[in-house]
Amino acid sequence: MRVLIVSDTHGKHYNLDRALEDAGKIDMFIHLGDVEGGEDYIEAVVECEKHIVAGNNDFFSQLPREDEFYIGNKKAFITHGHNYSVSMTKEQILEEGKVRGADIVMFGHTHQPYFEQKDGITLLNPGSLSYPRQIGRKGSYMLLDVKPDGKMNFEERYLDI
Ligand SMILES: [Mn+2]
């Protein structure tokens, strides 16, 4: 199964469309917040199972602040990350993931890709599709491929400017 993981589109859909096209057929779509009104657009163009959380800029949205669900037999915990000071430290969100018994913890907010496997937990941020802040500033997203034997392969991908 293929899972497309994106974040921080901030109401712009040009790069989201490119990511959806690049990713090809997907079985699950995850957006880690700062959708800024893009919910209706995503609802219209993405047909598979979707998990979307609210970011610090989604003031009037009805989206949940966090979500827990399974990807295969692994438990995922997703949240935008601003409530866990992710710009300063990854310890708080990692700790929350442990408390919740998560295998995979996903966040956004920093607009910089992040990937770490620690204490049995995979902690990741796909970066931002619309306003990348890492060196090179290419819009980024992550693709998770779950093999038939359950093995997970995480791939960070960058769009050409
Ligand atoms: Mn943002």
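User: Which residue in strand 5 is the bridge partner of Y70?
Analyst: This is a predicted model: local features need pLDDT of at least 70, side-chain atom pairs count only at pLDDT 80 or more, and totals for chains, interfaces and linings use all residues. Residues are numbered from 1 along each chain as its sequence is written, and side-chain values use heavy atoms, with hydrogens and water left out. Strands (DSSP runs of E, at least two residues) and helices (H or I, at least four) are numbered from the N terminus. In strand 5, Y70 has as its bridge partner K75.

User: In what sense do strand 4 and strand 5 pair?
Analyst: Two strands count as paired if DSSP finds at least two bridges between them. Here F69 stands opposite A76, and D67 stands opposite I78. Strand 4 and strand 5 (residues 74-79) have six bridges, and the sense is antiparallel.

User: Which residue takes a positive phi in the hairpin of strand 4 and strand 5?
Analyst: This hairpin has two residues between the strands. The positive phi is near 60°, and the residue that takes it is G72.

User: Which residue in strand 6 is the bridge partner of A76?
Analyst: Strand 5 and strand 6 pair in the parallel sense, over three bridges. In strand 6, A76 is bridged to I104.

User: How many of the six residues of strand 5 are buried?
Analyst: Buried means under 20% relative accessible area, exposed over 50%, and partly exposed in between, with a 1.4 Å probe and protein chains only. Strand 5 is mostly covered. Its buried residues number five.

User: Which residues are the protein donors of the manganese ion?
Analyst: Donors are N, O and S atoms within 2.8 Å of the metal (3.2 Å for Na, K and Ca); water is not among the atoms, so sites may look incomplete. In sequence, the donor residues are spaced D-x1-H-x23-D-x76-H. They lie 2.1 to 2.4 Å from the ion: D8 (OD), H10 (NE2), D34 (OD) and H111 (NE2).

User: Is S7 buried or exposed?
Analyst: S7 is found in the loop between strand 1 (2-6) and helix 1 (14-23). Beyond four places in sequence, S7 touches residues including H31, G108, P126 and L129. The relative accessible area of S7 is 0%, so S7 is buried.

Conventions:
Contact means heavy atoms within 4.5 Å.
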